[in-house]
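Here are some notes to read alongside the structure. Keep the viewer open and look up each place as you go.

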Amino acid sequence: MIRLIWKWHWQWLIVFCAKLTRQPTAQADQDCLRFALQLAVSRKPADQEIAVLQKLLQDERKRLTDNPQLVDQRIGTHATGYQIKSADRTELAAWTAVTNALLNLDETIHY
Amino acid sequence: MSRHFSETQHPAIQPTPIGRRTLLQRTGFGLGAFALTDLFQADHSRAVAKERRHLRSPHFAPVAKNVIYVHMVGAPSHLDLFDHKPVLQQREGQDCPQELFESGKFAFVRKLPKLLGTAQEKKYQFRRCGESGLMLSNLLPHLQQVADEMCVVKSLHTDEFNHGPAQMFMLSGFGRFGRPSIGSWLSYGLGSENQNLPAFVVLVTGNVLGAGSAAWGSGFLPSQHQGVEFRTQGDAVLFLSNPAGIESNSRRQIIDTVNQLNQQQLADVADPEIATRIQQYELAYRMQTSVPELMDITSEPDHIHQMYGTQPGKTHFANNCLLARRLVERGVRFVQLFDQGWDAHGSVFGNLANKTQQVDQPIAALIKDLKQRGLLEQTLVVWSAEFGRTPFAQGDFTSEASRKKLGRDHHKDAFCVWMAGGGVRGGFSFGQTDELGYKIVQDPVHVHDFNATLLHQLGLDHTKLTFRYQGRQYRLTDIAGQVVRPLLARV
C-alpha cells in the first residue's frame, strides 16, 4: 500500500534550499533536486533521475498556477503557524508533490 | 496438468508470457498509462490479456474459485452449537474422568473439574434440521434453515492450545509467526481475478485477534500476497483518499515518478520486492476508485439489508458478510472475516446467546444470497475457530450464582468447523467424538488435512503448492495433510 509519509521538516529544509537560490531557474531546480534526492537515498543521483523529478516539479508548478485554490488546500491544512510569502506558497505546494515522491521511493523506505 | 511451483523461483522473476522484468523495462516510463487505459478505456481484449498474466493455472480443474473464511476469534463452544452431547448433559456436575483430564493440556483449569452439559432451556437445545436432519443448536435459528448446505466436521483437532499460536496454526499451518496464511498461499498459487482489488481482503469486527496481522501475513512469500484489511469506518484503507489539494492527476504523476525511479532501481539491483512495490502502488491507485464503490453498501436494495440485518455506517458483522459477497462478486479470491469475542471462560451460555445473535442471521443470509446469485457452487464458505471448548466447566458449582458464571476452557483435541458451497457435501456431518465430546472416536481430521481439503477445492495440490525459502520447500500443510475426500460432493 501507499505509505504516505509526510515528514514536513524535510520539506521545509528543501523549501529553504529553494529559497536560497532565490529564483527557480532550471539550474537551481536541478541543484535542489540533487540535494533532496541525495538526502533521501544517500548516494549521488543520476542525471536521468533528476530529469524525471524535474518534469514532475515543472508540471506541478503549472498545475498550481492554473489552479491556485490547490495551493491553499495543500498548505492550509499543514503549515498553519508559519508565515509564508504568497510567492513561496506555490513553490512549497509544488515541492510537496516532489518530496512526497522522494519519500515513497523504494530506496528511501528500504535502505 | 500439474504445475510445480517448487521448480520456479520467486514469482516476480518467474517466466510469464512476457517476463515481468521485460514488461517493466519495455514499458518503462509509460507504466502509468497501463492503469489509465484500464480505467478509462473499454479495451476488453487487452484488459483480458493483461489479467491472464496475473492469473496462474491451478494443478487440476478447481471446483471453487473463491473462499469466504469466517474465523470466530476466541473459539466458540462447539459442544453447545454443533456437537450435540446428551450424555454430557445427563452427567453435568460429575467429576471429569481423571484419565481424560490428565491426557490433555489446558490454559487455565488445573484441578480436576466437573462436567458441564449444554443448558437445559429450550433456546439452547438442539434440533434436527432440513431434509438431512443435521443437528444444530436453537441458538442458530437462521443457520438451521440452511442446514442442508452445511458440511460439519466434528472431529477436527489442532496442535496448539492457546489463542495466538492456535490461530497461526489454523491459518498458516504453523504455531508461530513467519509462515504465509491460507489467503496468501491462494493469492500466490492462483493470482487475482480483479486487477483493481487485492486478491486477499480482511474484514474485522471487534478487537484484532491475538495473533495480530500476522494472521493474514504473507510470511516469506512476496508481500504482494499479504491480506489487505479494509476498515468499515472512515477510509476503507488508510490514506485511500487523496490529501487536500492533491488531485487525481497529481497523484497519478507522483506515482508515475516514483515508479519510474523504482524501475531504474529494479533494473540495477533486481530485487523482486521492488517489482512488488511498483505493482502495489499501481494497485493502490486503482483502489482509490474501486474501493469506495465496493464499500458503499447503501447501493444495495432494502430486502438485502433486511436479509443480512446490516447497519450501514457502523462496524458490524452483518455489513462484513454483505461486503464479503460483494468482494467475491468482484473476483476477490480470499475474503477473511474475523469476529472477536467468543472466548467464554466464564458465562459460556450468556456469551453464546449474545454472540450467536450477532452472527447467525448474517452468515445464513450470506449463504442464501450466494445461492440465489448462483455463486455458492464456486464459493467455499468456511466457519472456523482456533480450537474448541472443554466438556468440563471452568468455575465452580457451589452456588446458583457461581453456576451461572460457568465457562469452558480451551480444548484442542476435538472441535467443529463447517463449510458450505464450494463443492462440499451439504447436510453432512463427518467424524465423531465420544459421548462427552472429549476425544475423537471416528475419522479424525487434523488442521493440515482440513487445509489440504480447502486447497483441493480450489484446484491446488497441497503437496505441490510450495515455496523455496531458507534452503527448502515450504507448504501450507508442512509435511503432512491428506485431502478429506468424504467431505467432497464430487470426489
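This is a predicted model: local features need pLDDT of at least 70, side-chain atom pairs count only at pLDDT 80 or more; totals for chains, interfaces and linings use all residues.

Which are the buried residues of α7(B)?

1. The buried ones are B:His163, B:Ala166, B:Gln167, B:Met168, B:Phe169, B:Met170, B:Leu171 and B:Ser172. That makes 8 of the 10 residues in the stretch 163-172, so the helix is largely enclosed by the rest of the structure.

2. What sits over those buried residues? The cover includes α8 (182-190), β8 (379-384) and α15 (447-457), which belong to chain B.

3. Next, have a look at strand β9 of chain B, residues 388-394. Here 7 of the 7 residues are buried, so β9(B) is largely enclosed by the rest of the structure. Its partner is strand β10 of chain B, residues 407-411, and the two pair in the antiparallel sense over 4 bridges. To find the pairing on screen, pick B:Ala393: its bridge partner in β10(B) is B:Arg408.

4. Now for some backbone angles. Most residues other than glycine have a negative phi. You'll find B:Phe239 in the loop between β6 (228-229) and α9 (248-269) of chain B. Is B:Phe239 buried, exposed or partly exposed? It has 14 C-beta neighbours inside 10 Å, so it counts as partly exposed.

5. B:Gln470 is also a non-glycine residue with a positive phi, about 50 degrees. This one lies in the loop between β16 (467-469) and β17 (472-474) of chain B. Why does B:Gln470 count as exposed? Because there are 6 C-beta neighbours inside 10 Å, and a residue with 12 or fewer is called exposed.

6. Last, the place where the chains meet. How many residues does each chain bring to the contact? Chain A brings 22 residues and chain B brings 21 residues. On the chain A side, α3 (47-66), α4 (69-76), α5 (86-103) and α6 (106-110) each supply at least two residues. The largest share comes from α3(A), with 7 residues. Sorted by class, the side of chain A that touches chain B has 11 nonpolar, 4 polar and 7 charged residues.

Methods: Residues are numbered from 1 along each chain as its sequence is written. Chains are lettered from A and ligands numbered from 1 in the order in which they are written. A residue is buried if 20 or more other C-beta atoms lie within 10 Å of its own, exposed if 12 or fewer, and partly exposed in between; C-beta atoms are placed from the backbone. Two strands pair if DSSP finds at least two bridges between them. Two residues are in contact if their C-beta atoms, placed from the backbone, lie within 7 Å. Ala, Val, Leu, Ile, Met, Phe, Trp, Tyr, Cys and Pro count as nonpolar, Asp, Glu, Lys and Arg as charged, and the others, Gly among them, as polar.
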